[in-house]
Amino acid sequence: MTASPENSGIESPESMQKLPLGVRLIPFFDRYGILIVIVAMGAVMWALQPDVFLSWRNITNIFKQTAANGMLSIGMFVVILTAGIDLSVGSVLALGMMTLAVSNAAGVPWPVALALSPMMGLAAGFVNGIGITKLRMPHPFIMTLGMLFMARGLANLISGGVPYSGLPDPIRFLGSARIYLGEFDGTRINLPVVFLFTILVYFLFWILLEHTVFGRRVYAIGGNPEAARVSGINVDRTLIIVYAICGFMAGIAGLIMAGRTNSGFPNAGTGMELEAIAAVIIGGASFFGGRGQVLGIFGGVLIMGLIKNGLNLNNVSTFWQQILIGAIIVLAVFIDVLRRDLGTRH
């Protein structure tokens with residue numbers, strides 16, 4: 001016996017036509033919305049700055065400027081998939097960055113100093129996970145807010161509140177090195193190493209989240225944690241790993257930023273947790289958990305980069321940029337709530 005659309009849960013074309021237009025457009029925008037927005041923004045930026053925006057130098061600058069946020073965002077995505085949040089990633093970035101810079105200034109061999117930033121991030125994320133699961137915090141907001149202050153305080157404590165500069169080339173390599181590809185029309189074509197690294201990281205996360213048992217567990221916890229627990233998933237252990245991954249990626253972001261700026265400064269990463277959250281939600285993830293794809297998050301990071309690049313090219317004040325980013329976050333969450341509401345009613 002073959003199942004009909006009515007009893008299989010699949011909408012027939014006739015029934016789809018009866019749904020409101022907004023509901024029928026949800027699948028289309030879920031699949032192509034990011035691409036449409038990126039193309040539209042690129043066209044607007046090109047129209048405003050035709051001689052600058054599409055130059056190879058500006059394009060590679062976008063890649064470099066979005067790399068740290070790209071690391072924070074992919075870590076934040078794993079957390080948001082579980083219906084959680086991590087407000088500490090900007091401060092953890094600063095802590096990792098300052099640990100690296102201070103240890104380098106103290107004469108620690110560069111391979112050890114280089115590893116300290118991601119390891120410090122991993123430790124902070126692990127503490128977040130333990131606090132959320134074992135201390136039974138009512139919401140991850142509380143534990144990660146506490147870590148935000150602790151990590152920022154530690155970054156200032158170990159550095160004395162002053163920046164450190166002068167990092168060795170091996171530490172700077174990831175954040176500032178370029179691969180020479182040749183010349184085109186008199187322009188030297190260089191590709192930032194950090195862009196290739198970002199592509200590799202997102203590819204690995206695509207495999208982890210969409211093609212492994214761990215990834216299925218993360219989505220299951222975000223969809224329904226109690227059902228995941230009943231089905232045999234160790235929810236606490238998975239959440240600890242999730243927050244450790246998020247902290248580790250914040251440490252990687254600190255390493256990238258240190259290499260790019262050739263320094264460590266204790267106020268680095270301020271507000272970057274909000275940019276990461278915005279990129280994740282713009283990229284199609286849901287605050288309610290269990291929804292989103294790695295490719296969409298990459299698109300969300302690129303959109304945030306295009307916004308900041310376009311505003312900088314047009315000499316828009318950083319204060320207006322902060323206002324715009326805040327408005328984007330509110331709009332993205334509103335769209336997420338609206339999408340969920342339409343989906344549950346139909």
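## Close-up views of a cavity and an aromatic pair

**View 1. Residues lining the largest cavity of the predicted model.** The lining of the largest cavity is made up of Phe63, Thr66, Ala67, Gly70, Phe195, Thr198, Tyr202, Phe298, Val301 and Leu302. The volume of this largest cavity comes to about 110 Å³, and the count of cavities of 30 Å³ or more is one. Sorted by residue class, the lining holds seven nonpolar and three polar residues, with no charged residue among its members.

**View 2. Helices that contribute to the cavity lining.** At least two lining residues of the largest cavity come from each of helix H4 (56-81), helix H9 (193-210) and helix H14 (294-313). Of the contributors, H4 gives the most, supplying four residues to the lining of the largest cavity.

**View 3. The ring pair of phenylalanine 63 and phenylalanine 195.** A pair of aromatic rings is described by the distance between the centres and the angle between the planes. Aromatic pairs in the model number three. In the pair shown here, the ring centres of phenylalanine 63 and phenylalanine 195 lie 4.0 Å apart and the ring planes meet at 20°, so the pair is classed as stacked, given that planes under 30 degrees apart count as stacked.

Notes. Residues are numbered from 1 along each chain as its sequence is written. This is a predicted model: local features need pLDDT of at least 70, side-chain atom pairs count only at pLDDT 80 or more; totals for chains, interfaces and linings use all residues. Side-chain values use heavy atoms; hydrogens and water are left out. On a 1 Å grid over the protein atoms alone, a cavity is a set of points where a 1.4 Å probe fits but cannot get out, and a pocket is an open set with protein on both sides within 12 Å along at least five of seven lines; lining residues have an atom within 4 Å of a point. Grid points are joined across faces, edges and corners, and a volume is the space filled by probe spheres set on the points. Ala, Val, Leu, Ile, Met, Phe, Trp, Tyr, Cys and Pro count as nonpolar, Asp, Glu, Lys and Arg as charged, and the others, Gly among them, as polar. Rings of Phe, Tyr and Trp (its six-membered ring) pair if their centres lie within 6.5 Å; planes under 30 degrees apart count as stacked, over 60 as edge-to-face and the rest as tilted.
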